[in-house]
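Hi,

Here is the structure I promised to pass on. Have a look at it first, and then read my notes below.

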Amino acid sequence: MAAYATLIPLFPLLAALLIGGLHFCRIIDGEAGEKTTARLALTAIGLSVLTALGLLIADLSGLLPDSVSYGAWLRSGTLTVDYTLATGGFNLVLASLFSLLLLVAIRFSVNYLHREAGFHRFFFILNLFAAAMLLLVLSGNAVFTFIAWEIAGVCSYWLIAYAYDRPIAAHNATRVFVTNRIGDGGFILAICLALAWLENADWQTINLSAADLEPGDATLLALSFAVAAFAKSAQIPFTPWLARAMEGPTPSSAIFYGGAMIHAGVFLIIQLEPLFMQAPLAMSLLTVIGALTAIYSYWVGLSQTDIKSSQIFATSAQLGLMFAECGLGFWTLAAWHLCAHAVVRCYLLLTAPSILHNTHGQPIQPVAPALANCRWAFIASLQRGWLEPAMDWLLVKPVLRLAKDVRYIDEHIVDKALGAPAPAIRAVSSLAQWEEQKMGANLDSQEDSFAQGSGLAGKLAQWTAALLNWFEYHFILRGIGRDSIRFGRRLGQAANRFEQLLLQPRYLALFVLITLMVALGYR
Amino acid sequence: MTDSLPLLSLCLAWPLLGALSLAFIQDSELAKRGALLVAAVELLFTVAAAWVFDTARDDFQLLEDYPWIPGLNIHYQLGVDGISILFLPMTALLTLMALLASWNSVRHLNRFQLALMLALESVTIGVFTALDLALFFLFWELTLPPIFFLIGLWGIGAERRYAAMKYTLYMLFGGVPILFGIILLAINHAHYTGGAIPQDLAFSLPVLLNTPIPDSAQGLIFLLLFLGFAVKAPLLPFHTWLPTTAIEAPAFLSALLVGLKLGVYGIIRFAIPLAPQAALEHRWLLAILGAVTLIYGALIALQQTNLRRLLAYSSISHVGLVIVGIAAFNLQGLQGAVMQLLNFGIVAGSLMLLAGMIQQRLGSTDLVHLGGLAKPMPRLTVLFFVFVLSSIGVPGTNGFPAELLMILGALQAYPALAMVALFGAVLGAAYLLGFVRRAFFGPVVHDSVAKAQDLRPRELALLVVPVLLVLMIGLYPQWLLSWQETSLQSWWQRLSMAVPQVTTESKHTQKTAILGVPSDGSI
């Protein structure tokens, strides 16, 4: 019976494929197709809810095994990655809860998006997201959790860029995805470490073998997972992406950043409780980052003037608290906190426009005067703690500048050094020229060269030819010294430029990084 | 040993026969259909070859062996193993797609273009099936004439002749060391058997694989072969022909050039197995070169404003990762590398064809002429996005399992390089999605974009198969891996058998146990 668990994410996936496929073929399109799309989406998620609740009841009465495996997804030597679903307590509880929230959000969207241009696209994405989210909480394997994790991220990207003709939406979507990609790096690293050390990435195996790992290894593994969780749940220093993600339609914001996806990070940490218990350093990091995020979000939230922004900073503050709870060892509290917060925040974000409507004209409660009078604190709050400019300055800008330099090197140095055939334009371009050349005129060089080349290979060939020529014509080659002064000056200038470049901080940092990596490699 | 039906010879000769028969068809419309038919039947032949291929065996299958130049002991020897078999249908599919994509874009010398495409297909199949090194080298060099004419005559850039010349010169330069390497190998065999030079030379790969090579010669042979293949791969610093070619060549040819990674195939097939000890000694060179190429290509791609140049640099970056995967010298890295090579054909080829379709509609793929493409061309955008996701390595597409395996392999061999690969993954998302944002999203500013037509049925039809393959392999990678598993396992075992100290040298005994190597492995 536990095998039916795979149906929970499968129904929305099938609905997504159907809606996407039919819409791509223009079979359902425009207002006429809205009913079909809505019916498909609601049926699928409704079936998922029923399955999840049924399995939850079965699990509570003790009828279900802890996990169910469906076979190998990938095999490499003795490594295997199985498609496994966890059908134990917390996973099923969350699956039921999230599927219910998704049902609410999808039903809400049917009316909310009526006659919108991207109606079908929206429902395709939302269904795909539902499938991803339900797979995420049910997966018994780190690889499948990551697959779902990433598909949910792509859905979030698509929905932020829902109004893709607005440049700001597209820009924010890209920014959010790339920020999250850093966290994904942590997740991939963690999966690879688990596969390399344990031959297996099942959550059960990771948790059971956590005690056998060396403390350093366990800490590294836990930290990698923690980075992934921080990025997904918008903890410091990744918090700013959450505010950028508010570009999407309201129901999608509610379910992505209020109800389901934003909690994925905390869920991951709770799932890995035994591993983190082996890694005190990672635990303390959870506490510190969680507490910092809570304070930061509270502070920034104080100065927000629109309802979505203040909601979203409240969300990250609550998530910070959950991380801190995990870090302090209150795992059950964090789990309850997660469930309760998902329900409340989803409701608050869904009803945000109605709340505005109802409270119209009533000013919100002012900030306590003691806080309100700190001018610097106020500026810091308005500027959202300069967190994003700081990240830009630290990461984005150096990489972009480095990219520019590398491009310059590639186009002006590597390409030239390697050599290229003489461009056609420099060769004979007209009949008259060709005739003149036939008669012995040398049009394209002031020296008596008969072979021309550029770059390493070209020059080599040219020089060899010149040398042979030299012997051939009894030492009649002359006048190489003419250019030496000019060449020397140019060389000096180039050397100067090179040195200036080397003194720039990004190269200094790069060298330090390379040295560290070399040291790490030869450990 | 010859099978009853010479299937590989059929695959090899069929497109060439088709190309020759085009000379007798005067009507260009009829010729197009004829060429398409030939390519479609060729796809059937290659699929049939893959069908009869026995995945449980690790040796060369479908062997054909006839003396060709008895004086030098050169044979016409064809055969495939698990590494090469899937490249045949991929080549056939890509050629078929390229033919369909060039349906309306070629306006002059129609039949000659079709004939050259089919000839190129024939020769490429030859490269993948030739087991005799002299025969291989013949096919290797024969790829040049069709490509030279295809770039020079139907290129879309102003400097197409220059690009054709540059490509040819680079490839000729790369061919020389390969030829030297092959000659050295043949002579070494004669020395080893104590035979006379002309009659007892051996060019057959299965024979040479069993001929021990003295250490001093191995280094030279490996470096010669590696140098030659690195030019074609392309690896830093020999990569500059690819961006030039990508921008000047017609899109259907660029798709073949970025899709078929003959150079990397050569490294896996010839350079490493023929000189295993030297390869292991120089693996740090491979790894570092790969990592540098990976980051270098990604950084430059970040700076590109032209889609075709961007795709060229992204392809260079991906080659870097594949080389890192190979240099890991473990099963995971290798499986990921071969899988990624197959992905290239599907994903990079399709992206390049899509770029060609944009070029055909708007006359440019440069950002200044794009912007807001998603509005007039939703279907093209959807398909482009699927391939972009695969190129980034998002789970659910075929890019993910390959990337996961390569990073896993690299992590076990060089932890520091795995970090570099992860950084490359972040950059990959940044440059591709950054381009998508500026080209496909945002408001429509140009009239030409607003009036652009979405994909036509012919273009949709040619992209359906690759999209399905992307999703299919992404959802169930074991399907693809099972073809290669046995061959790669024996490839890797041969390598570790040749050099027993590899396993004993390794510090992490746990890791070797994972990989299933006998720790006392000896010859």
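**A strand pair in chain B**

In S2(B), Tyr76(B) is the bridge partner of Tyr66(B). (Strands, E, of at least two residues, and helices, H or I, of at least four, are DSSP runs numbered from the N terminus.) Strand S1 (residues 61-69) of chain B runs antiparallel to strand S2 (residues 74-80) of chain B, and 6 bridges join them; two strands pair if DSSP finds at least two bridges between them. S1(B) and S2(B) make a hairpin with 4 residues between them, and Asn73(B) in the turn has a positive phi of about 60°.

Residues are numbered from 1 along each chain as its sequence is written, while chains are lettered from A and ligands numbered from 1 in the order in which they are written.

Chain B averages a pLDDT (the predictor's confidence in each residue, from 0 to 100) of 86, and 94% of the residues score at least 70. Over residues 500-523 of chain B, pLDDT stays under 50. Where pLDDT is low, the predicted coordinates should not be read in detail. For the complex, the predictor gives an ipTM of 0.87 and a pTM of 0.86.

**Where the chains meet**

52 residues of chain A are in contact (C-beta atoms, placed from the backbone, within 7 Å) with 58 residues of chain B. H6(A) gives the most to chain A's side, with 16 residues.

Cheers

Notes. This is a predicted model: local features need pLDDT of at least 70, side-chain atom pairs count only at pLDDT 80 or more; totals for chains, interfaces and linings use all residues. Two residues are in contact if their C-beta atoms, placed from the backbone, lie within 7 Å.
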